[in-house]
Amino acid sequence: MNKKNIVVIEGDGIGPDIVAESIKVLRKIEEISDVKFEFSYYEAGGVAIDKYGHPLPEKTLEACKKADAVILGAVGGPKWDNLAGDQRPEKALLGLRGGLGLYANLRPAILHRQLKDACPLKDEIIGDSLDIMIVRELTSGIYFGERGRNKADKSAYDTMYYNEEEIERILKVGFEISLSRNKKVCVVDKANILESSRLWREVTQRVAKNYPEVECNFLYVDNAAMQLIRNPKQFDVIITENMFGDILSDEASMLTGSIGMLPSASLGGKNALYEPIHGSAPDIAGQNKANPIATILSIAMMLRHSFGMENEAQKVEKAVDAALTAGYRTGDIFSKGMKLVGTKEMGDIIANYIK
Ligand code: IPM
Ligand code: MG
């Protein structure tokens, strides 16, 4: 029997709600494959602060390092908002990403045709569907650069640092992905201002030479943010640094109807981490209201990228599609005439469609 050890980090807010539904889906995959999943639960984020006084306990990181893959719900909440920067729940995410060497964050923004009504853009802009892959650098840039405060002049600073190796490896991931898509890469930066962006451009020009069949262009991030709304169909693969990727992926998620739809895979290390791109939504935590689809689609990415189970990955994606086609909607993607369901019902329905 083929056994996979998965570390499960539910985190805070709606984290436990949505993660439970992804486990349901994996249990269903066990029924239709010869793979068995062993789940071990560890804490990170606000719950870990409350229990151990640290957002990312050593034993959580150690367990993740040994796992075949990691599922994460969401971290953070108002309760921990006043803690110092390095003690906040979000620090757990950075610790995991950095600690596991997960420099490549794939965030596919796909608009399901059934959710066209939930997308705020006009039909003539969005067409029938939308499929953009955002490749976000995840372990460097301003998130990991030196930061601090200077009491003398009452100032604060954060540093956007990149070296060539960090830029090159994420570009390669993006260019490789584009080969199996429309062979179109857009590198988003702020090269009219930032020196680190100018280095990104130099390295891109070098890397692009190895991919002559891929069309590559550059956009400044402000323009890219505008173009995502004006003409999102021009994009296939967007490759960008850490903070720009954070911002643009939230923006792109609205094109798909709801931030509750966007999954992610963080790759590049010995194993990988899978999480929805949304936050912990404390206002609806534990109320059976959250949309579990982003997490379930992250599970599909896990099957594909960590376990080479492409067939099963597609089954999960098709099951999500079938649930949407049948008219089931959580509150965030609800429109008139559809069937409003809760987190658990949505999980059950999707799991049942997996055959
Ligand atoms: C994300 C989130 C995180 C980030 C936060 C919670 C630290 O917004 O995964 O997009 O900024 O990377
Ligand atoms: Mg974000």
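User: What gives the most to the lining of the largest pocket, and with how many residues?

Analyst: That's H4, with five residues. Helices here are DSSP runs of H or I at least four residues long, strands are E runs of at least two, and both are numbered from the N terminus. This is a predicted model, where local features need pLDDT of at least 70 and side-chain atom pairs count only at pLDDT 80 or more, while totals for chains, interfaces and linings use all residues. Residues are numbered from 1 along each chain as written, chains are lettered from A and ligands numbered from 1 in written order, and side-chain values use heavy atoms, without hydrogens and water.

User: What makes a space a pocket, and what volume does the largest pocket have?

Analyst: On a 1 Å grid over the protein atoms alone, a pocket is an open set of points with protein on both sides within 12 Å along at least five of seven lines, and a lining residue has an atom within 4 Å of a point. The largest pocket holds about 570 Å³, volume being the space filled by probe spheres set on points joined across faces, edges and corners. Its lining has 26 residues, and Glu90, Lys91, Leu93, Leu94 and Tyr143 are the closest to its centre. Strand E3 (69-74), helix H4 (90-99) and helix H9 (242-255) each give two or more lining residues.

User: How does that pocket lining divide by class?

Analyst: Into nine nonpolar, six polar and eleven charged residues. The classes are nonpolar (Ala, Val, Leu, Ile, Met, Phe, Trp, Tyr, Cys, Pro), charged (Asp, Glu, Lys, Arg) and polar (the others, Gly among them).

User: Why is the other kind of space called a cavity, and how many turn up at 30 Å³ or more?

Analyst: A 1.4 Å probe fits there but cannot get out, so the name is cavity. One of 30 Å³ or more turns up in the whole structure. Met160, Tyr162, Val188, Asp189, Ser196, Ser197, Trp200, Glu241 and Phe244 line the largest cavity.

User: Why are H6 and H7 called oblique?

Analyst: Angles run from 0 to 180 degrees between N-to-C directions of axes fitted to C-alpha atoms over the stretch in contact. Under 35 is roughly parallel, over 145 roughly antiparallel, 65 to 115 roughly perpendicular, and the rest oblique. H6 (164-179) and H7 pack at about 50 degrees, axes 9 Å apart, so the pair is oblique.

User: Which residues does H6 bring to its meeting with H7?

Analyst: Glu164, Ile167, Glu168, Ile170, Leu171, Lys172 and Phe175. They meet H7 residues including Trp200, Val203 and Val207, contact being heavy atoms within 4.5 Å. The contact has nine nonpolar, one polar and four charged residues.

User: How do you know the orientation of H1 and H12, roughly parallel or oblique?

Analyst: H1 (15-32) and H12 (343-353) cross at roughly 15 degrees, with axes coming within 9 Å. That falls in the parallel range, so H1 and H12 are roughly parallel. Among the residues that meet are Asp17, Glu21 and Lys24 in H1 and Thr343, Lys344 and Asp348 in H12. The classes are three nonpolar, three polar and six charged.

User: Where do H3 and H4 meet?

Analyst: Leu61, Cys64 and Lys65 in H3 meet Gly95, Leu96 and Gly99 in H4. That contact has three nonpolar, two polar and one charged residues.
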